Amino acid sequence: MTQNRTPYQDKIIKNYYQNRDAIGLQKAQEAITELYLSEGKKRETIWKRLESHLEKIGLKSEQIKKLRAADDPAKVAEAIQKFA
């Protein structure tokens with residue numbers, strides 16, 4: 001199946017993948033803010049999303065598991081500080 005994309009669409013896709021880590025960082029920061037304000041099932045949903053964003057910015061899975069076990073937004077914010 002051939003992909004019929006315009007050069008403009010190709011450029012958008014290329015830029016997305018070049019900036020994927022920056023996008024992941026921004027989304028992770030937004031999710032941390034939401035963690036401070038949430039509880040219960042909503043918090044679980046946010047954690048799932050946050051784990052995905054943390055993987056995209058380059059955190060190791062072991063570190064993500066430790067942060068998840070601690071369930072402390074301040075520790076997560078501290079962990080991503082080096083990526084900002």
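**A nonpolar patch and a helix face**

Guide: Ile 13, Tyr 16, Tyr 17 and Ile 23 make a nonpolar surface patch of about 360 Å². This is a predicted model, in which local features need pLDDT of at least 70 and side-chain atom pairs count only at pLDDT 80 or more, while totals for chains, interfaces and linings use all residues. Residues are numbered from 1 along each chain as its sequence is written, and side-chain values use heavy atoms, with hydrogens and water left out.

Visitor: Which helix gives the most to the nonpolar patch?

Guide: Helices are DSSP runs (H or I, at least four residues), numbered from the N terminus. Helix α1 (residues 7-18) gives the most, with three residues, whereas Ile 23 lies in helix α2 (residues 20-37).

Visitor: How many aromatic pairs does a search of the whole structure find?

Guide: Rings of Phe, Tyr and Trp (its six-membered ring) pair if their centres lie within 6.5 Å; planes over 60 degrees apart count as edge-to-face, under 30 as stacked and the rest as tilted. The search finds one aromatic pair. Tyr 16 and Tyr 17 form this edge-to-face pair, at 5.0 Å centre to centre and 80° between the planes.

Visitor: Where do the buried residues of α3 fall, seen down its axis?

Guide: Buried means under 20% relative accessible area, exposed over 50%, and partly exposed in between (1.4 Å probe, protein chains only). The buried residues of α3 (residues 41-57) include Ile 46, Trp 47, Leu 50 and Leu 54. The buried residues fall within an arc of 130°, so they line one face of the helix; the arc is that of the directions from the helix axis to the C-beta atoms. On the other side of α3, Lys 41, Lys 48 and Glu 55 are exposed.

Definitions and conventions:
Patch = residues over 30% accessible without salt bridge, like charges linked within 9 Å, V, L, I, M, F, W, Y side chains within 5 Å. Areas by Shrake-Rupley, 256 points an atom, 1.4 Å probe, with all protein chains shown as cover. Salt bridge = Lys/Arg side-chain N within 4 Å of Asp/Glu carboxyl O. Helix = DSSP H or I, 4+ residues; strand = E, 2+ residues; numbered from the N terminus. Expected span 1.5 Å × (residues − 1).
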